[in-house]
Amino acid sequence: VEVIPVAAIDGVLAYVGYEGIVDTLLWQRVVLFITPVQHFPLHLRTIPRNILHSFTVLQLALLGLCWAINLSPFGLCVSFLIVSLVPTRERLLPMFVMPRLLSTLDPAGSMSEPDGVSDAFLDEDEEERSSLVASPPYRNKKRGTQGKAVSPSRPTDEIDTIDG
């Protein structure tokens with residue numbers, strides 16, 4: 001561990017922190033403050049902008065409150081605030097925001113995933129990769145050979161070998 005430069009460790013931690021922040025829905029909604037409406041993700045275009053931005057500001061305020069409590073002498077009490085966020089989300093927020101909109105804004109908080117949310121964040125390259133997965137080996141009934149697989153992009157009468 002002593003041979004690894006401190007700058008390298010700091011760089012890796014900074015990169016991991018950056019990637020962790022950019023992947024959150026909160027960060028994606030913060031970016032929507034400066035994004036034109038026509039470039040919003042499809043599942044968020046149905047939500048009124050004032051509700052979308054109010055929900056984001058509320059989450060940023062609660063994040064700031066957690067940070068402020070953590071830096072204060074009462075830093076150990078931040079866990080109580082974090083635990084109180086669950087009943088706040090489940091009981092208090094549905095009184096102010098329609099449950100359908102709330103489940104779209106916060107899909108991880110709802111038990112059922114709204115339509116289109118999972119598809120909105122699915123990478124197109126990931127779809128391609130999943131369609132290129134090779135079929136498992138099977139026994140060719142015509143020849144009786146083992147270790148042949150059917151390519152998903154061609155008809156079943158053409159046979160590819162797994163070995164290449």
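This is a predicted model: local features need pLDDT of at least 70, side-chain atom pairs count only at pLDDT 80 or more; totals for chains, interfaces and linings use all residues.
Residues are numbered from 1 along each chain as its sequence is written, and side-chain values use heavy atoms, without hydrogens and water.

**Exercise 1.** State the secondary-structure pattern of the protein.

Solution. Take helices as DSSP runs of H or I with at least four residues, and strands as runs of E with at least two, numbered from the N terminus. The protein has seven helices and two strands. Along the sequence they read α-α-α-α-α-α-α-β-β.

**Exercise 2.** Describe how helix 3 and helix 4 pack.

Solution. Two packed helices are described by the angle between their axes and the distance between the axes. Axes are lines fitted to C-alpha atoms over the stretch in contact, with angles from 0 to 180 degrees between N-to-C directions. The axes of helix 3 (residues 49–71) and helix 4 (residues 78–96) come within 9 Å and cross at roughly 160°. Helix 3 and helix 4 are therefore roughly antiparallel (angles over 145 degrees). The contact (heavy atoms within 4.5 Å) includes Phe55 and Leu58 of helix 3 and Leu81 and Ile82 of helix 4.

**Exercise 3.** Is Ser103 buried or exposed?

Solution. Locate Ser103 in helix 5 (residues 99–105). Buried means under 20% relative accessible area and exposed over 50%, partly exposed in between, with a 1.4 Å probe and protein chains only. Ser103 has 14%, so Ser103 is buried. The Ser103 side chain reaches the backbone oxygen of Arg100 at 2.9 Å.

Technical notes. A polar contact is a pair of N or O atoms within 3.5 Å; within protein, one must be able to donate a hydrogen and the other to accept it, and residues adjacent in sequence count only if both atoms are side-chain atoms. Angles under 35 degrees count as roughly parallel, over 145 as roughly antiparallel, 65 to 115 as roughly perpendicular and the rest as oblique.
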